[in-house]
Amino acid sequence: MTKRIFLILLVALCCMPCKAQEAVEISNSPKLVVGIVVDQMRYDYLTRFYNRFGDKGFKRMINEGFNCKNNHFNYVPTYTGPGHASVYTGTTPKNHGIISNHWYDKFGKAMVYCASDSLVKAVGSGSEMERMSPHRMKTSTISDQNRLHTQLKGKTIGIAIKDRGAILPAGHSANGAYWFRGKDEGKWITSTYYRNELPDWVKKFNTSNQAESYLKVWNTLYDINTYAESGPDQNEFEGGYKGKETATFPYDLGKLKDQNSGYDIIKSSAYGNSLTTDFAIAAIEGEQLGADKTTDFLTVSFSSTDYVGHNFGVNSKEIQDTYLRLDKDLERFFDALDTKVGKGQYTVFLTADHGAVHVPSYLKSVKIPAGYFDRDAFTTKVKAFVKAQFKVDGLIENISNNQVFFKYNVLKKNAISAEKLEKALAHYILQENQIDKVFTRNQLETGEYVTGIAALIQKGYNQKRSGDVVYVMDPATISYSKTGSTHGSGLTYDTHAPLLFFGQGIQKGSTTQETYIPDIAPTISALLGIAFPNGATGKVLSFVLE
């Protein structure tokens, strides 16, 4: 009997540490997870501007958290919609279905936008252009999984200047997603997918004239002569604003706004990030994010870095000033999190949705191979070749996003096999100047590529939504204006993006081990102890977690 009592006590004692450990794990879940995506941020912006950053923005994340220095997108195309979806779903366009910002819908016979939804209406604006939802995204996000895991008690709020930057990260089950309607309105809005009326805190923000306060002079944060990390202010590689003869500092946004789509000029200046920060801080308080022990999600995308990059290029004084100001915005954002949520009570990750190429005309000026691709001329030539080769008109339905779509009813009517057409077309396209590689639907569906650009294309290729022939242009060759930067390729200038983690549950350190964008969501899932997004293909970065 005594032996039996002893064994019962021993079992009870053994169980106690397990229960205590379980309690510790639950209580150690962060009260708030903040996902930050910096639109069009190359990894080398961290190193190039490092000495100009303060200690409490980017450097705080690097010094107090974990820096994945060799982080890449493992698919193409590297655009905003696919980037945001991939970060939060933990997979690639092959699975989540957001294959571009806009793509050709071969079933609806029209171009579609990644966040458009004709079944909803804008809330906070009367514009028909703001009917948006995440319905085109086929898989769940990490924020969706947190909602499911917490029985919908954990909130999710998405914020960005761009609608797609707010909507896709927040997922399907979000409590709200808010984006900025510029033009003549200057308001943060949403859609009926989420709610039928703006919450009081958003209404209050919209009537505070905060947006209007940024219609002021944009000059460099510091003496422009100290901006040694970027090119000369006046050069031939930048776009600038309508109404100003040169793309040089300073810019009087108030005077220029009427010629630059009103409040939209804020989007394309460094102040767009400041406005986003203001709104994100208001959301923390207005939605009481991180106010209890149930984990909430706040997704924030800084869109203005992309607008500035497209306009002025990656080597401009404007892009440098935008990042130095963003560093200050991150500092006050983190200060607000410390105050409102509590130091050590939240977890943050920061990455990008893609990088960007140096302006090709600039690269050519310093003898680096680069160029511009005439998409319209290429389309004309391809259609002419197909008609001459097969003696049939209308075999090509659409050419977009470096993909050729066949018109299958015409193929069937004329007894032409898709395989025959794609093989002939692939051979023809590969002979064209500025074309580096070509892949067919048959190749992408029947083979498996594990390295190189072919593997990236395959991970970005969605059987149902993608085209029949995919072509790749030469390095640093783009279909774009002669000024400003763009993105979309599988080259490292577009795929190499920052990945920083810091806060509760995160190790201090860094790695040069290769990591990938789809690894982010599984890593946060492991931190929270919740299910992975349902299409996740990334892996847990265990070395990041405590």
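Modeller: Happy to. Let's begin with helix α7, whose buried residues are D163, R164, G165, A166, I167, L168, P169 and A170. Buried means under 20% relative accessible area, exposed means over 50%, and partly exposed lies in between, with a 1.4 Å probe and protein chains only. One caution: this is a predicted model, where local features need pLDDT of at least 70 and side-chain atom pairs count only at pLDDT 80 or more, while totals for chains, interfaces and linings use all residues. Residues are numbered from 1 along each chain as its sequence is written, and side-chain values use heavy atoms, with hydrogens and water left out.

Colleague: How many of the residues of α7 are buried?

Modeller: Eight of the eight, so helix α7 (residues 163–170) is largely enclosed by the rest of the structure. Helices (H or I, at least four residues) and strands (E, at least two) are DSSP runs numbered from the N terminus.

Colleague: What do the buried residues of α7 pack against?

Modeller: Helices α4 (80–89) and α6 (142–149), plus strands β4 (110–113), β6 (156–160), β7 (176–181) and β11 (296–302). Contact here means heavy atoms within 4.5 Å. Just after α7, G171 takes a positive phi of about 85°.

Colleague: On to the sheets. What is the strand order in the open sheet of 10 strands?

Modeller: The order is β5-β8-β7-β6-β11-β1-β12-β19-β2-β20, and the pairing is mixed. The edges are β5 (122–123) and β20 (509–516), each with a single partner strand, so one side of each is left without a neighbour in the sheet. Two strands pair if DSSP finds at least two bridges between them.

Colleague: How many bridges join β6 to β11?

Modeller: Five, and the two strands run parallel. I157 stands opposite L298 in β11.

Colleague: And the open sheet of four strands, what is its order?

Modeller: That one goes β14-β15-β17-β16, with antiparallel pairing. At its edges stand β14 (396–400) and β16 (435–440); each has a single partner strand, so one side of each is left without a neighbour in the sheet. Strands β15 (residues 403–406) and β17 (residues 469–473) pair over two bridges, and V404 stands opposite V469 in β17.

Colleague: Which strands does helix α17 lie across?

Modeller: Helix α17 (residues 418–430) lies across β14, β15, β16 and β17, running at about 175° to β16. Helix α19 (residues 452–460) lies across β16 and β17, at about 50° to β16. Axes are lines fitted to C-alpha atoms, for helices over the stretch in contact, and angles run from 0 to 180 degrees between N-to-C directions.

Colleague: Last one: is G243 buried or exposed?

Modeller: G243 is exposed, with a relative accessible area of 58%. You'll find G243 in the loop between β9 (217–218) and β10 (251–252). Not counting residues up to four places away in sequence, G243 touches L256 and Q259.
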